[in-house]
Amino acid sequence: MEGKDRLNELKEEYFSIPVPAAAYDCMKQGIKKAKEEKRRRIIMRSLKRTGAAAAAALLTIGAMANLSSVTASAMEDIPVLGAIAKVVTFRTFEDEKGNYDAKIDIPKVSIGNNDSGQVNHSIEDYANQLIKEYEKQVTADLAGDGHYSVTSSYEVIADNETYLSLRINTTVIMASGAESVKIFNIDKKTGKEVSLKDLLTDKPGYQEAITESIKTQMKDQVSKDDSLTYFVKEKDGDGFDRITGEEDFYFNKNGELVIVFDEYEVAPGYMGSVEFTIPKSTVEF
């Protein structure tokens, strides 16, 4: 028992011996270096695994592409590697003269190797009409002491396997503001613009079905919110009667047809541009 007590006393004396400052600093540096080395090894192993995987993937793709013309052709049809739709600002018309100002962004569309020249020509024609009207206002000083402003921008509102839908929003301010919408729907397979009239071709009954769906939605909205109102034609009066095929449209993420009307077209100005989603149970394209 006495031997054990003596051993404990010696252990306590050993641990109570002060560590020289230099030795303590050296020990801390050694621990720090060991930790850094361990971290570096972990990072290098991770990078090596990632790099090897990436290299293997590139090697596989390269080997497949060079294997045969059939494989290379098939790879062009893969969505990620195949035709990609791009929309960029082709040019911007900006002007400021006294109480007149304009900023009109003009986009350009390209879809893979498809010829989108016709669409881009239509887009530029539309923008040139806005510019021409603005210049007419400036030249004739039609705003007088008032303020005239035109702002036009664009956004991609749908981009699926079949269509690219480009929406151009234009606001004209002269005493009060007015919004207008123009949507270009481009068939990705052909690069050509598609109208609602094109979609309705060879689909008997669709025009009436879409019209009735819109009228029903108008009535439902008004019955639930008395602040809303729509211009619906009754007998010999004015107002919305039926779609013509000239309306702006796009397909939402659920594949449903959405019809878009300009401000003042079917409702008072305070309601702005209005949209109606047509359920697939009514029509499906």
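User: Between which two strands is the loop that holds Tyr264 found?

Analyst: Strands first: helices (H or I, at least four residues) and strands (E, at least two) are DSSP runs, numbered from the N terminus. Tyr264 is found in the loop between β7 (257-261) and β8 (274-278). This is a predicted model: local features need pLDDT of at least 70, side-chain atom pairs count only at pLDDT 80 or more, and totals for chains, interfaces and linings use all residues. Residues are numbered from 1 along each chain as its sequence is written, and side-chain values use heavy atoms, with hydrogens and water left out.

User: What is the phi of Tyr264 near?

Analyst: Phi of Tyr264 is near 75 degrees, a positive value in a residue other than glycine. Asp141 also has a positive phi, near 50 degrees. Asp141 is in the loop between α4 (117-140) and β3 (148-159).

User: Are Tyr264 and Gln217 buried or exposed, or in between?

Analyst: Buried means under 20% relative accessible area, exposed over 50%, partly exposed in between (1.4 Å probe, protein chains only). Tyr264 has a relative accessible area of 46%, so Tyr264 is partly exposed. Asp141 has 41%, so Asp141 is partly exposed. Gln217 has 18%, so Gln217 is buried.

User: What does the side chain of Gln217 reach?

Analyst: A polar contact is a pair of N or O atoms within 3.5 Å; within protein, one must be able to donate a hydrogen and the other to accept it, and residues adjacent in sequence count only if both atoms are side-chain atoms. Gln217 lies in helix α6 (residues 206-224). Its side chain reaches the backbone oxygen of Thr277 at 2.9 Å. Contact in general means heavy atoms within 4.5 Å. Not counting residues up to four places away in sequence, Gln217 touches Phe276, Thr277 and Ile278.

User: How many residues does the largest nonpolar core have?

Analyst: A nonpolar core is a set of buried Ala, Val, Leu, Ile, Met, Phe, Trp, Tyr and Cys residues joined through side-chain atoms within 4.5 Å. The largest one here has 24 residues. Val109 and Ile123 are among those with the most contacts inside it. The largest share of this core, eight residues, comes from α4. A second, separate core of 23 residues includes Phe249, Ile259, Phe261 and Val266.

User: Which residues is Val109 in contact with, leaving aside neighbours within four places in sequence?

Analyst: Val109 is in contact with Lys86, Val87, Ser116, Asn120, Ile123, Leu164, Leu166 and Ile186.
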